[in-house]
Amino acid sequence: MNLLVTGAAGFIGSTYVRGLLARPGGPRVTVLDRLTHAGTRDNLPDSHPRLEFVHGDICDPAAVDRAMARVQQVVHFAAESPADRSTEGGGAFVRTNVLGTQTLLEAALRHGVETFVQVSTDEVYGSIKAGSWPEEHPLRPGSPYSASKASSDLLALAYHQTHGMDVRVTRCSHNYGPHQFPEKVIPLFITNLLEGKKVPLYGDGLNVRDWLHVEDHCHGIELVRTKGRPGEIYNIGGGTELTNKELTSVILDVCGVGWDMVEFVTDRKGHDLRHSVNWTKARAELGYFPLHDFESGIATTVAWYRTHRAWWRALKHRVVPT
Ligand code: NAD
């Protein structure tokens with residue numbers, strides 16, 4: 001079986017692909033990645049008998065067409081993120097997340113691809129004060145990033161409705177773990193502290209996120225690809241819900257420093273207060289269950305950043321525009 005994985009030079013996609021390649025008898029994988037500021041070839045093996053790396057843009061119909069011609073299934077990770085940066089301008093987000101997804105869907109349709117997994121985010125539901133969003137909750141994205149992801153989810157589901165294509169959508173809570181680009185909050189904080197620098201905490205630090213280990217997310221995606229149903233959405237959560245202040249406290253403890261290393265900074269525009277997904281559908285239908293507990297997950301993540309300074313130093317000061 002040949003699988004096209006987009007955006008697998010990034011954090012989650014590379015974790016997913018390394019997992020597939022480690023499995024004896026797993027699928028052959030073609031990676032299509034533009035290598036933006038967030039992607040690095042170093043996240044994947046230099047060579048592997050079941051891996052082909054294609055440097056290309058998901059918005060380029062010719063590159064997508066060539067890559068799609070050889071595969072039966074697609075797992076689509078490539079995206080512009082995070083929400084913070086999208087508040088400074090949404091153009092790149094709409095281009096990659098909406099137009100890129102539509103380019104992939106068109107090619108998948110033309111080539112009769114069997115299954116298309118659209119990897120999305122809990123942020124499409126918007127902020128929720130109490131309780132957790134089920135899959136049928138209305139979409140109320142609060143940032144250009146989440147609006148572009150919501151648009152790409154709807155496009156993907158429309159290809160199922162219109163053409164009967166086997167599209168499956170996953171919506172996951174916030175991920176952490178090794179290989180995460182150091183502009184995201186957990187690796188930013190860890191690497192700042194490892195460099196002896198202060199960490200910037202938004203507003204009053206009371207925004208709440210559910211933190212899930214990246215390997216648990218990848219396990220959920222694999223269950224959706226192999227056991228999910230066409231046209232269905234699956235929330236993937238079950239991590240640890242923390243305020244940003246609580247998250248900061250855990251990272252400070254693991255790094256052995258105190259609150260004097262924290263600088264409170266102006267909150268970002270339109271910052272969602274709380275995200276939380278209800279993942280009972282994935283548990284009941286697919287047997288999904290997260291295995292990593294947060295404390296040991298964050299300790300091993302800090303240990304990884306401690307021992308991979310060359311990896312993050314090469315990325316940390318990359319300028320963002322793509
Ligand atoms: P990332 O920024 O680490 O990686 C994105 C990858 O996509 C990079 O390798 C980049 O080079 C590539 N890419 C970007 N634009 C491209 C284009 N036009 N053509 C080809 N490749 C392109 O992102 P991530 O954190 O690994 O997220 C992967 C997916 O998971 C995204 O779709 C994101 O919305 C979703 N997601 C992320 C989280 C999270 O906490 N990080 C949570 C839920 C869902």
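**View 1. His179 is buried, with a relative accessible area of 12%.** Buried means under 20% relative accessible area, exposed over 50%, and partly exposed in between (1.4 Å probe, protein chains only). His179 lies in the loop between β7 (174-176) and α6 (185-194); helices (H or I, at least four residues) and strands (E, at least two) are DSSP runs, numbered from the N terminus. Although His179 is not a glycine, its phi is positive, at about 75 degrees. The model is predicted: local features need pLDDT of at least 70 and side-chain atom pairs count only at pLDDT 80 or more, while totals for chains, interfaces and linings use all residues. Residues are numbered from 1 along each chain as its sequence is written, and side-chain values use heavy atoms, with hydrogens and water left out.

**View 2. Leu35 is found in the loop between β2 (28-33) and β3 (51-55).** Leu35 counts as partly exposed because its relative accessibility is 29%. Its phi is near 55 degrees, a positive value in a residue other than glycine.

**View 3. The largest nonpolar core has 30 residues.** A nonpolar core is a set of buried Ala, Val, Leu, Ile, Met, Phe, Trp, Tyr and Cys residues joined through side-chain atoms within 4.5 Å. Leu4, Met68, Val74, Leu105, Phe116, Met165 and Val167 have the most contacts inside this core. Two or more residues each come from α2 (61-68), α4 (91-110), α5 (144-163) and β6 (167-172). Another core, of 29 residues, lies apart from it and has Val5, Val17, Leu20 and Leu51 among its members.

**View 4. Leu4 and the residues in contact with it, leaving aside neighbours within four places in sequence.** Contact means heavy atoms within 4.5 Å. The partners of Leu4 include Thr30, Leu32, Ala67, Met68 and Val74.

**View 5. α4 has a kink of about 25 degrees, centred on Gly100.** The bend at a residue is the angle between axes fitted to the seven residues ending there and the seven starting there. The end C-alpha atoms of α4 are 27 Å apart, which agrees with the 28 Å that its 20 residues should span at 1.5 Å a residue; the expected span is 1.5 Å times one less than the number of residues. Gly100 is among the buried residues of α4, as are Phe93, Leu104 and Leu105. Gly112, with a positive phi near 65 degrees, follows α4.

**View 6. α5 and the elements covering its buried residues, including α3 (83-86), α4, β5 (115-121), β6 and β10 (233-236).** Those buried residues include Tyr145, Lys149, Asp153, Leu157 and Tyr159. After α5 comes Gly164, whose phi is positive, near 70 degrees.
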